[in-house]
Amino acid sequence: MKYKIILKIFVFSFLLSLAVAVISNWKIDYNSLLGFVAYFYFSIYCFKTFRSELPIRLILLYLISIQFTLHIDSVYSYFFSSLFSLPLFLLHIFGIISGYLFLRIKTRLKYLPFLICSIFAVFMLYSGWDLWVHKRNFGTFTGKVQAYKLPEKFEAFDEQKNLLSDNSLQNKIVLLDFWTTTCGICFQKFPQVQAVYDKYKNDTSVMILAVNSPIEEDKPNQAFSDIREEGHSFPVVVTTDADLAEKFGVKGYPTTFVINPNGQIIYKGDIEGAVKMVDELKSNQQ
């Protein structure tokens, strides 16, 4: 009988996870909020339904253990590696524990765990996931870093084969957007690079560069032709050192840096935060 109950809980948990994922359109931020609420009510259902046959604490243990099983990909690939889906996993667990405490606590305090976890779930939905993903991808929640000198000499050539170096960046606010020709997300973000370039293209104190990291598969001048075929006009340069991005600390593409007029990197992250940083630096100059 006990094994039948475990099987029922497992099947119901699996179907619930699948339903939540489909309803949330497989978006992890919506999934985390809906999953928290769903598992809160699901745990209460399980406790009330099976407590005559199993101790509530044992049901709680089964529910949590099943979550580990259902999220085995997260536990293996993410939980112990990049930790990307950790908040999603925790919110499902929080939902289960909140349901358990809701039944066990006999005073009005029983609402408190659910309320606290709900605040966390809503925070993750509106801004928490963006901050968490930024932290995992770039090492900081906001992209702002303590100012430091360029870790390697910057050299790249433009479409006319002119060489740009550290000297070309001096006394300017510089945005460097590192990308590769095989990076689909890079191309999705290029309209934002174009927008900030259009805003400052007549301002000699600001330099916007899309810095291509060449790969073996690239054809001659592919970096330039790909950008022009997309209809963009922002400056494109190709690094003379294929490992320059790695030396700058780039772990994934796109990664955007902002350099202040003193030649120091003060931002490392996504293009959205980089644009805000450029605007902030420019505003401080006025």
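Tutor: A salt bridge is a side-chain nitrogen of Lys or Arg within 4 Å of a carboxyl oxygen of Asp or Glu. Keep in mind that this model is predicted.

Student: How many salt bridges does a search of the whole structure find?

Tutor: The search covers the whole structure. Its count of salt bridges is eight.

Student: Which helix holds the glutamate that pairs with lysine 144?

Tutor: Lysine 144 and glutamate 280 meet through their side chains, at 3.7 Å from N to O. Lysine 144 sits in strand S1, and its partner is 136 residues away. That partner, glutamate 280, lies in helix H11.

Student: Is lysine 199 buried or exposed?

Tutor: Lysine 199 forms a salt bridge with aspartate 279 (3.1 Å, N to O). Exposed means over 50% relative accessible area. Lysine 199 has 54%, so it counts as exposed.

Student: Which residues are linked with Lys247 in a network of salt bridges?

Tutor: Lysine 247 and aspartate 241 meet at 2.6 Å, N to O. The network also takes in a glutamate. The residues linked with Lys247 are Asp241 and Glu152.

Student: Which cysteines form a disulfide?

Tutor: The whole structure has one disulfide. A disulfide needs sulfur atoms within 2.5 Å. Here the sulfur atoms are 2.2 Å apart, in cysteine 183 and cysteine 186.

Student: Why is the disulfide right-handed?

Tutor: Look at the torsion about the S-S bond of cysteine 183 and cysteine 186. The disulfide is right-handed because that torsion is about 90°.

Student: How far is the sulfur of cysteine 46 from the closest cysteine sulfur?

Tutor: The closest cysteine sulfur is in cysteine 117. The gap is too far for a bond: 18 Å.

Key:
Residues are numbered from 1 along each chain as its sequence is written. This is a predicted model: local features need pLDDT of at least 70, side-chain atom pairs count only at pLDDT 80 or more; totals for chains, interfaces and linings use all residues. Side-chain values use heavy atoms; hydrogens and water are left out. Helices (H or I, at least four residues) and strands (E, at least two) are DSSP runs, numbered from the N terminus. Buried means under 20% relative accessible area, exposed over 50%, partly exposed in between (1.4 Å probe, protein chains only).
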